[in-house]
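Dear colleague,

My notes on it follow.

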Amino acid sequence: MPAEPAAVEVADLVKAYGALRAVDGVSLTAPRGAVLALLGPNGAGKTTTVEICEGFRRADAGSVRVLGLDPIRDAVALRPRVGVMLQDGVGGYTGATALELLRLFASYAAHPQDPGALLEVVGLSAVSGTAVKRLSGGQQQRLSLALALVARPELVFLDEPTSGMDPQARRGTWDLLRSLRSDGVSVVLTTHFLDEAEQLADTVVVVDAGRVVAQGSPAELTRAGAEGQIRFRAVPKLRLDTLLTALPSGSQAAETEPGRYLVTGDVTPQLLATLTAWCASQHVLAEDLAVERRTLEDVFLDLTGRGLRA
C-alpha cells in the first residue's frame, strides 16, 4: 500500500512581485496529524506561502501539494477537506449573528459539526445571537476559527489564530488545537507568539526575507548552538577573560548590562561548579543565579537579528 502523502509538501517555492521575491525558494513538509508553525517577521513571506498552499495565489516556480493534490488544479476536490482561517477574520458577513453565520457555513458541508455545539467549544455561546459586527476582535477571531472547523476538515490553515484574544481565550484555543491534533487533524499556523509555537508545534519553520533559515522541532531548534545559559548578578566589570579561560571550550560569557551576566554553552554540573568556583576565587557573590534553556525567542533573534514583530 503506498504511503499516505504529507498534509502539505512545498518544494523550492518562488513568488515575486516585480523585483521583490516575497517567497524565495521555500521548502517545507507538514506531516499528517501534526502542527506546523510558520514563524517570521512581518514581510518574511509567511502569509504568501500559506495563501499559495490554500490556492488563493499562484506560485511563479516550485511545487505545492496539499493532501497530495494541487491546490489550484484540484481546488474542487480539496475544498471540502481543508479549513481556512484568514487574517481578515469573518469577511463581509457582519450583519448576520454568530450562529446564523456558522449555520450558513455548515450548510455547505457534507457532514458538518453542530453549529451550537461548536460555538460552545470556542466559548461564544453567550453571544450566539449577537451580530458579527458587534463582536469584539477576539470574539471575531474565535468565530473565524469555528468557521474553519465546522466542515470537519482534515487540514486547517490558521493565520494568526489567537491575535486579539484575551489570555483565557488564547489558552482555550490552544486546548482546542491540541484536541484537533489528537483527532488526527493536520494544522498549519502562522503566529507572532513564540510561546504559542513552542507550546503547540511539532515542527517550526522560521522564514526571513522569503527564505527558510531554520526548521525542526522546538526542542531541536532550542538545542542548536548553545545548549543552555546561566544568568547571574554580581558587581559590574568582572574580568570575564579569566572566566573564559576556566570554562570549557565553546563557552561564552558576557555582561549584558552593568552587573548582569550571561554564560552560554553546554550547561553541565561541571560548568556550573567551575563558574561558582571562579566567582569564589574573585571574592564575588553570584546572586540570582539561574540555569535556563534557550527559548524560541533566543533562536529567532540569533537567526534574524530582530524581534518577531520587527
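In which strand does Gly-228 lie? Please bear in mind throughout that the model is predicted. Gly-228 belongs to strand β10, which covers residues 228-233.

Is Gly-228 buried or exposed? Gly-228 has a relative accessible area of 2%, and because the limit for a buried residue is under 20%, Gly-228 counts as buried. Leaving aside residues up to four places away in sequence, Gly-228 touches Val-263, Thr-264, Gly-265, Val-267, Glu-292 and Arg-293. Asp-266 is 38 residues apart from Gly-228 along the chain, yet the C-alpha atoms of the two are separated by 6.1 Å.

Strand β10 is part of an open sheet of four strands, arranged in the order β11-β12-β10-β13 with antiparallel pairing. At the edges stand β11 (252-257) and β13 (287-292), each of which pairs on one side only. On average, neighbouring strands of this sheet are turned by 20° against each other, direction ignored. Five bridges link β11 to strand β12 (residues 260-265) in the antiparallel sense, and Glu-255 stands opposite Tyr-261 in β12. Helix α10 (residues 269-281) packs on the sheet, where α10 touches β10, β12 and β13. The direction of α10 makes about 20° with that of β10.

Strand β8 (residues 203-208) and strand β9 (residues 211-216) run antiparallel and are joined by five bridges. Val-206 has Ala-214 in β9 as its bridge partner. The hairpin of β8 and β9 has two residues between the strands, and in this hairpin Ala-209 takes a positive phi near 55°.

The last item concerns two helices. A packed pair of helices is described by the angle between the axes and the distance between them. Helix α5 (residues 137-149) and helix α6 (residues 167-182) pack at an angle of about 10°, and their axes are 12 Å apart. Angles under 35 degrees count as roughly parallel, and therefore α5 is roughly parallel to α6. The crossing of α5 past α6 is left-handed. On the α5 side, the contact is made by Arg-142, Leu-145 and Leu-149; on the α6 side, by Ala-169, Thr-173, Leu-176 and Leu-180. The residues of this contact comprise five nonpolar, one polar and one charged.

With kind regards

Methods: Residues numbered from 1 in each chain as written. Predicted model: local features only at pLDDT ≥ 70, side-chain atom pairs only at ≥ 80, totals over all residues. Heavy atoms only, no water. Buried < 20%, exposed > 50% of the residue type's maximum accessible area, 1.4 Å probe, protein only. Contact = heavy atoms within 4.5 Å. Axes fitted to C-alpha atoms, helices over the stretch in contact; angles between N-to-C directions. Parallel < 35°, antiparallel > 145°, perpendicular 65-115°, else oblique. Left-handed = near helix turned anticlockwise from the far one by under 90°. Nonpolar A, V, L, I, M, F, W, Y, C, P; charged D, E, K, R; others polar. Pairing = 2+ DSSP bridges.
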